[in-house]
Amino acid sequence: MRKYLLLLLSFPALAQDEYRAAAIPESLRANAHAVVRRHETAFVVKSPGEATQRVRTVVTVLDAQGDDEARLIVGYDKLSKINDIWGALYDASGNQLKKLKKADIDDQSATDDGSFLTDRRLKHASFPRQPNYPYTVEFVYEATERNLMFYPTWVPQSKENRSVEQASLTITMPKGQALRYKAFNLNKPVERQDEANQTVYVWTLTNQPAIELESMAPPARELVPILYTAPTAFEVQDYTGTITNWKELGRFYHVLNRDRDALPAELKTQIVQLTAGEATAMGKIRKVYEFVQQNTRYVSVQLGIGGWQTIAAEKVAATKYGDCKALTNYTKALLNVVGIPAVEALVRAGDDEADILTDFPSFQFNHVILCVPNKGDTLYLECTSQTNPLGYNGTFTGNRHVLLVTPDGGRLTQTPHYSPADNRQMRRIDVILTEQGDATAQAVNRYTGIQSETRTGLLNNRSQAEQRTWLLEQVRIPNFELKKFSFSEQKTQIPVVTETLTLAVRKWATPSGSRLFVPLNLMSTLGPATPATSPRQQPLDLDANWNWQDTDTVSYQLPQGYRPEAPISPMTLTSAFGDYTAGAQMVGDRLVYTRRVTIRRGRHTATAYAEWVDFRKKIAKFDKVQLVLVKGEVATK
Amino acid sequence: MLVICLTSRLVAQSPTSDSPVKPVGVVVASDFPMAPADTSVDAEVLFDAGEVRFETDLLGFQMVFTRHRRMRILKASGTGHGNWQLTLKATTGSTNETLETMQGFTHNLVNGAVETETVRLDDVLTDTFNDKFTTKKLSLPAVRAGSIIEFAYKVRTPFLVSYNPRPWLFQEGIPVRWSEYRLTIPGHLRYKSLFSGRLRFAVEENRPATVQLSLKEPPASAIAYRFAVANAPAFPVEPFVPAPLEHVSRLEFELASVNGPTGVLKDFSITWGALDKSLLEFPWFGGQLRKTAFLRDLAASIRSKHPIDELARLTAAYEYVRTTIKWNGRDALGSENIKQVLDNRQGDAADINLLLIGLLRELDIAADPVVLSTRSHGKLAEKEAMLQHLNYVVAQVTVQNKTLFLDATDPYVAPGMLPFRCLNQVGRSIPAKQPGQFVSLRPNALNEEHLTGTFTLDGDGNAKGHLIHRASGYAGWPIRSGVLRDGKPKFISTLATGHPAWQLLQTDILNADHPDSVVVLNHTILCRDIYSEQGDRLFLQPLLTEGLTINPFRETKRRYPIDFGVGSKQEYAFTITLPTGYVVEHIPEPLSLTLPDEGGRFDYQISQANNTLIIKSLLSLPKPIYPREEYLELRDFFVQAIAKHAERIVLKRAELTKKK
């Protein structure tokens, strides 16, 4: 209770004001569906292994799109407990309409699609949908946490169209236990109070207007107020650790997971025999990796500390399945049998994840891969994939920092970065054009690196019927028939997938008297960018997925007797974002159209967005180029 | 006893066929094929055999369902089939469905010998979703490309939890070589069943049998049924099929009646007439319409405001329910208590529409419930009365000799228009005192849009002018709901984001809050870089940024009807003033197309008057549904219309010495 009073004293306004809709400042209503009136978090660390958390939120819902905010969802698992949930509903004037009843609180499994089974559950509390706006809801919950690898991340403004009136975070640490933290976009520094046997840290935030993420904005953590916190000393189940730096964090993970790599004798013999014919280390690594890919599969079961500790390699050998930790540990054990050293690498995986905060050692990871140093020719192996080429990380785990878990402790390194030359789309299309404007096209298209991922996923995971449906959606020619198609892949470290298409296109070119008007760019248009409807506020972020290059060569066999009436002037563009060139010339008796676009990743200012839109518009215009063919005459120019 | 309604295409072939169902867990080397697997799919079902029997205990009847399913994994991506799960139900009184036995097998052929791994009931994991549903999960070991896997399990379901066997699907997203279903029904029970889909039975038989319902009772007479379908192809996904499950070959069941000392007596009877009667007797349907005394005061106040005009009273009652009660987004067939709905001011579709019917009846307006199945729920079967097919109710009223439908859940439709989700061909009207009948839900309104544009081209690639977009019928719905939900400025800004080629200088929106009227968007637009130059020539798309661009029908084959839900009409009338110094070199030829059986028309023409071009386009598809036999013509209709819209107008720079 003392903590609560402490917070009240900081905000001398009348308690009822926090429920009254009229008390909301105008600046907080703009663009907002809901206003967080109060968000008060008190995290009290009792010991390295136990903490309590109390969170009070008061939210005023302004319209129907804010209804989702009028509920509380709190997760828990075997190592945490929700002790109490309290809630109340108020009308626009702040009068209490009703209190939350036990029947309004649901307890559900929180196993998501990515996992087969977890012990994560959640409590879900809500009030029935209200007929009148605005209305206010208040929730208070108290929880006990026994897994102190993780301390709270404070994000009072965690959604678009949500403004924040007052928010506070109080963390109480016992004397002798240090707190680490890193703040972004907080304009008030922390207030620290040292007392006899504890230290209290207080952060506050007031009057934060609602935001909306603009197209291609940087990661949300750069734009909203956010505070990351982490322990130095912590305990979870029977394990203790300290993390003042990455070395110690890695050491903890190593201790948690070591000595689980015993393998059955027959399996060891089998692996030795399998790799016996390989003269090089690379050859052995490849054989082991393929063995894992062909003989295991990914099934995720995350229970308790099991969420961070692998099951024994012997179990994986028996059941032939496991999650990312288990399969990585299993692969490491197999490589060890043939004398190839490897270490786990903790990573934050995902194609839309920002890189970890390298200057804030904490458990920011959600995945494990295997680093094989291979005498400087380092490979990072994805042990959960049965189809990944050896050492390809791509959008899932490439372009980012990882933490190597060596026996001496953790060490940060980086997975491979992919350049535009690695991420290519190369289309070679041969077209036969008729006088009526119809065409048949044979396309041999190659995609490499990041640009290969969609198609390799299609080739490996989808039936032919599904591949066909996807292609029919993908090819943006108005009227075409897909006569034949096939895919094949090369599982090189920068993967290549080849797509072969046979198309029949109707009315591609327009006949007019003795002329034929032919659009030249058959398959590869890049549309315009999302225009800004109001002055842009946020920087423009072209992330790692924007490092690519497309080259198209379309070779047209012209109808008998037709020639271009005039040459096409070459089209070139250069900008800070990338380059574009396109042109067409006669090569023998064929008309060859070539197009090349290169885009480079980078961060640009908000004002540069207008230039990006303009660059894309110019490309879109050039992509619509039409050639005039004329019958009988030879070009006079 | 089973009463079956079958589609007319069914032919029962030989009375018994060789069943490929093998004993549980027994796989030999010859079960693995020599030829390389067909990897166009990632797995196939070798056989899937289900059986339902009945037993009794102190609490009443129970269904006992056993299943034995064997699959072959063809690609690494198919190993996910080795993860099994089943959701079981409970009642609030803690009577549960239980998983009684479970066995899982993985068989791999290794050097000519079969290696088998087995898992049992103890290995099953439980995921308690909430107090009503529990999911049982099991992961098979050692699953890889080439494995044959099997599941065999038994589920016991007390009648208190559910008395209808789960539907049995003969067809799935992967090929099924053999799917077999047996059902032994004691004489006490009568079930209705419905077989849907296009596949035929390879086996369809019934014979007398006896069953031992419990150890205490003598054997009872029963009938044993057996159905099987062979070589079901993977179910294809096609566009414009609102409820794919409707077309999957499957058997559905519904209990018709129970007789006997240990059973709970239920009698739904079999015909639609009897189902109508049951609905009128249910407290959550007809029962609600008999308890409308609480609406008398409200009716009286409406009556006093509109003493003469019945139509005005109808409108007032409709508007009252529509604006007072908030729809919670849920479809429903019945209501627990419509008085509470009025007190709480919110409810589901049945809460709201039964309340509306009650109010109209208190006003002495002829109003009856019409029950239906929403689009995503599948079309109701007129041949067989299945309560489980119905999931929604609306009102049908007759006033001043006009009959119209009313649904008070949706503030954006005009009275007489049903929300799009209800447009599912046919519903069932259930009047209080006359026999029920089927009613057509075919909408009168269309998805109708008119775009009128006046533009001037400058010489630099830009078009400036006005675009007036009139949306009526169902076309107005997204605009109305968007404006009322987001407000005009936000709606316009979202519209601009969706049209990157436009620069909206000014937009006025009219009639967004009048559902009876046409919504009008009046734009002043600048389109930059709207046409391309090549030397002396300009290539201009006649409809600028608008018109048809992509054919929704890419495939050349079609299995199922094309269900748009509502007819549509799109009209364009653009006037474009050409830049000075250019002459017209090529104008697309006019085109007129029609579809058979008044199925549609496309009319397109461009005419020139001095320095302006007038472009007119009409595309009309008046039918909500097209049969699959008309697919190729429909597809070709789009091919030609799209090609015509894409055809450019070509302008050429006039020679300086030439006069126009």
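**Close-up views of a predicted model**

**View 1. Val394(B) and its neighbours.** Leaving out residues up to four places away in sequence, Val394(B) touches Asn353(B), Val370(B), Leu372(B), Phe405(B), Leu406(B), Asp407(B), Leu418(B) and Cys422(B). Touching, or being in contact, means that two C-beta atoms, placed from the backbone, lie within 7 Å. This is a predicted model, where local features need pLDDT of at least 70, side-chain atom pairs count only at pLDDT 80 or more, and totals for chains, interfaces and linings use all residues. Residues are numbered from 1 along each chain as its sequence is written, while chains are lettered from A and ligands numbered from 1 in the order in which they are written.

**View 2. The largest nonpolar core.** Val394(B) turns up again here, among the residues with the most contacts inside this core of 113 residues, and so do Leu355(B) and Leu359(B). Helices (H or I, at least four residues) and strands (E, at least two) are DSSP runs, numbered from the N terminus.

**View 3. An open sheet in chain B.** Eight strands line up in the order 6-5-9-3-2-11-14-13, with mixed pairing (strands pair if DSSP finds at least two bridges between them). Strand 6 (113-120) and strand 13 (203-211) of chain B sit at the edges with a single partner strand each, so one side of each has no neighbour in the sheet. From one strand to the next, the twist averages 15°.

View 4. Strand 2 (residues 43-57) and strand 11 (residues 176-186) of chain B run parallel, joined by six bridges. Look for Val52(B), which stands opposite Leu183(B) in strand 11 of chain B.

**View 5. A hairpin in chain A.** Here strand 24 (residues 401-406) and strand 25 (residues 409-414) of chain A run antiparallel, again with six bridges. Two residues make the link between strand 24 and strand 25 of chain A. Val402(A) stands opposite Thr413(A) in strand 25 of chain A.

Note on methods:
Core = buried A, V, L, I, M, F, W, Y, C linked by C-beta atoms within 7 Å. Buried ≥ 20, exposed ≤ 12 C-beta atoms within 10 Å, placed from the backbone. Axes fitted to C-alpha atoms, helices over the stretch in contact; angles between N-to-C directions.
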